[in-house]
Structures are given as structure tokens and as C-alpha cells.
Amino acid sequence: MGIHINILYTNNVLPMQDTIQKILAEGKGILAADESTKTIEKRFAPLGLTSTPELNQKYREMLLTTPGIEQILGGVILFDETAHQSIDGKSFPEYLAERGIVPGIKVDGGLENFDGSFEQITKVPADLDAKLKEYYQMGLRFTKWRAAIKITDIFPTDAFLEEDLNRMVDFATASQANQMVPVVEPEVLLDGNHTTTRCEEIETKVLKILFEKLKSGGVDLTKLLLKTSMVLPGEASGVKAEPLEVASVTLRTLKNSVPPEVPGIVFLSGGQTSDEATNNLDEIVKLKNDAPWQLSFSFARALQSEALEIWAGKDENVVTAQKIFVTRLGLVSKARNGQL
Ligand code: 13P
């Protein structure tokens, strides 16, 4: 399998800059389909579905066999379970690569309590380097590492950010050493009743620390992608910000903290509705002006939730679910160009 897939990438290699260019080609972005075992259980539960490897596979197959997705998806992030499953005798990574979509994978070990139970730090898998080598052989060409940062008046703590972001930098170093583009994702969570101003303050701080650490750790900033949150008021604040405000604060935050040599920034949807995430992305791109990076999407829920609800675990719903999925992809692709 490894040999077969590597032929798809011309003489065994897809240099990291080419990976980034393919992922962020005109109108394109990323589908995050890398829900961990726990997260997919959470997504299935409201529909009365019980997650099993077989049902997870059917669901991912429904999404990824949708006709036309290769015109909008430059990359798909998989979870380890899916990367080892197959469609018609081809592994998911092979299948995606054949359709011109770069396969990527989540490699962090999920979250665990840090110093008490409020803050949750990203776990380092014991065998990270061996896993990265295996993933490269399987045809995966980019990797994702997520940190989750909760906001209150007193959190996040400096000690937490120091350790959590050090782990993210170690991951980025290891991924580049294995020729796979790291996607660093310090997700500032929507949970809580904080204001937009507090969110901007924390996101600016987190990104500044992260990029200082990446630079001093020798990570090549031209060979990574930043996956980040839009700057929003907390979900429990009862405040909904208009796209124009979200866009101007988000762009200000990024301009104040992300070096210009970073080639691309992709947004997560973070619990916004599909329409909110799409409209906010559109406004961000419209307002981008001279921002030096490419801006695009790496949504999970905002791309999947409508299709998941229609599919509801039933084979007879696959075609309808795929239609709604590709319609949402079309809207998000327009938003990625600021042309909604
Ligand atoms: P959402 O778009 O659902 O926030 O997911 C993005 C993601 O990959 C979280 O790690």
C-alpha cells in the first residue's frame, strides 16, 4: 500500500510547500473528519446512534465518496481509525490521494486534566515518532495537533500555556522532520461568558507565545499551517457578534500575532452554526486587505452537521445527505473567496 500511494505523489515525495499549495489551492480548504472515538460518540448520540468502527466507517464513507468534493477540499484530516479503514479495497488515504485530495491526520493524544481539573492539556502519544513514520508510509502528508484553551477571568494560567504550547512545538518539529506539514491548532474555546475583548486578549497572547516558541524551537514557519478560532464572545454571554465585528477583531488579532511568513491560516468552526461559520469566514476574507497569509477553512461541525442529521445512520439517506454536504461545501468555498 505504501509503495502504491507514494507513486501518486511523483517519485515518492510531496514536498511540504507543495502540500500546502494543494490544500489551499483556489477556493479550497480542509474538511476536519478526525473526530476521536469520544467525539464521534458525542456527535452520534443526539441521533440515537451508537458509534462503532463499522458505523464510523459508513459515515466517513458517505462524506468522502460525495461526488465533486475534490473541487473544494484540498485536504481532509482523518482519525487513526479511519486512516486504517478502506473503501473498495483502497485505504482512505489512498482513496483521497487518487481524487487529488491531500490526506492528513490528527496525531495528538486528546486532552487530560492539568494541575487540578479545570484546564485540560494535550496528551503526547508515547510513540509519536514511530506513528509519524507509519503515517508517512500510509500516504498521509499533513498532521494536526489540537490544544484546547478555556477562558475565564483567571484562566488560562501561564504555567498551563507554557507546557501546552511547548508540547505543540515539539509536535511541529517532529512532523516537519518526517516531511509532513504540521497544522498547529491552539483552539480558544467558545465555552464561557467572556467578552469579545477578553477573547481577543487571550487569543493574541496564545498566538504570540506559540510563534515565539516555534521560532526559537527552529520550526520552519513557511512549512506549517495555523488552525485557529475566530474571535467571538463566549457562548454563555448571550451576545452574538455580527460578521463585520467578528471579521475586524479576528483580523486585528491575527495581524498582531501571526508572522507574515506563515503561508496559511485555516479557521475551525468551534460550535458556531454552519451559517454563522460560513458568513463569518466570508466577511473575514472580504476584509482581509493586505493580510499576508492565505485564509481558508478547516471546519468539522460547520461542514458536517447538516449532512450527519440527514444521514442519521441509514443507507437510504446517503444520496440526500451527500447533496446537502456538497451544497454546504459550495457555500464555504465561496466564503473562502469572500464571494458569498
Ligand atoms: P469544529 O469545526 O467542529 O470546531 O472542529 C474543528 C476541529 O478540527 C477541532 O479540532
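## Aromatic rings at a glance

There are seven aromatic pairs in this structure, which is a predicted model.

**Phe 44 with Trp 311**

- The ring centres of Phe 44 and Trp 311 are 6.0 Å apart and the planes sit at 50°, so this pair is tilted.
- Phe 44 belongs to helix H3 (residues 37-44) and Trp 311 to helix H12 (residues 301-311), so the pair ties together parts that are 267 residues apart in sequence.
- Phe 44 and Trp 311 are both buried.

**Tyr 59 with Trp 311**

- Tyr 59 also pairs with Trp 311: the ring centres are 5.1 Å apart with the planes at 35°, so this pair is tilted.
- Tyr 59 has a relative accessible area of 2%, and buried means under 20%, so Tyr 59 counts as buried.
- Trp 311 comes in at 1% relative accessibility, so it gets the buried label under that cut-off of 20%.

**Charges over rings**

- Arg 141 has its charged end over the ring of Tyr 136, 3.7 Å from the ring's centre.
- Over the face of Phe 118 you'll find Lys 150, at 4.4 Å from the ring centre.

Terms used: Residues numbered from 1 in each chain as written. Predicted model: local features only at pLDDT ≥ 70, side-chain atom pairs only at ≥ 80, totals over all residues. Heavy atoms only, no water. Phe/Tyr/Trp six-rings, centres within 6.5 Å; stacked < 30°, edge-to-face > 60°. Helix = DSSP H or I, 4+ residues; strand = E, 2+ residues; numbered from the N terminus. Buried < 20%, exposed > 50% of the residue type's maximum accessible area, 1.4 Å probe, protein only. Lys NZ or Arg CZ within 6 Å of the ring centre and 35° of its normal.
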